[in-house]
Amino acid sequence: MRQNPDFIMTDVADNHVLVPVGEAAANFKSIINLNDMGQTIWNMLENETTLDEILKNILAEYDVSEQQARTDIEAFVTKLRETGCITE
């Protein structure tokens, strides 16, 4: 999976957000707020990656249990899939 190029990350009032551009802007009338971990995951999705690779990097960078990290990553990736922010 990787980023859909029709979505970009930008900073708005000290918040990281995903916003649609191009064709996606016509169909997606919202933004997605990202916390620090969400920003890290989004940056990793710049290149083709897997859930296991994301989990490995999150565990190395954040003080979080493997179970909690896996749960959070899966929920975030599901949201990104549902909104079309990533491609498979």
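Does Thr 49 count as buried or exposed, and at what relative accessibility? With 7% relative accessibility, Thr 49 counts as buried; buried means under 20% relative accessible area and exposed over 50%, with partly exposed in between (1.4 Å probe, protein chains only).

This is a predicted model, in which local features need pLDDT of at least 70 and side-chain atom pairs count only at pLDDT 80 or more, while totals for chains, interfaces and linings use all residues. Residues are numbered from 1 along each chain as its sequence is written, and side-chain values use heavy atoms, with hydrogens and water left out.

**First stop: Thr 49**

Select Thr 49, in the loop between α2 and α3. Helices (H or I, at least four residues) and strands (E, at least two) are DSSP runs, numbered from the N terminus. Next, display Glu 53: its side chain makes a polar contact with the side chain of Thr 49, at 2.8 Å. A polar contact is a pair of N or O atoms within 3.5 Å; within protein, one must be able to donate a hydrogen and the other to accept it, and residues adjacent in sequence count only if both atoms are side-chain atoms. Leaving aside neighbours within four places in sequence, Thr 49 is in contact (heavy atoms within 4.5 Å) with Met 1, Met 44 and Ile 54.

**Second stop: helix α4**

Select residues 66–83, which form helix α4. Now colour Ala 69, Ile 73, Phe 76, Val 77 and Leu 80, the buried residues of α4. They cover an arc of only 100 degrees around the axis, which puts them on the same side of α4; the arc is that of the directions from the helix axis to the C-beta atoms. These buried residues pack against β3 (15–20), β4 (32–34), α2 (36–44), α3 (51–61) and β5 (86–87). On the other side of α4, Gln 67 and Glu 82 are exposed.

Move on to Gly 84, which follows α4 and has a positive phi, near 80 degrees. The backbone oxygen of Gly 84 lies 2.8 Å from a polar atom of the side chain of Asn 4. Select Asn 4 itself, in the loop between β1 (2–3) and β2 (7–12). Asn 4 is buried, with a relative accessible area of 14%.

Key: Expected span 1.5 Å × (residues − 1).
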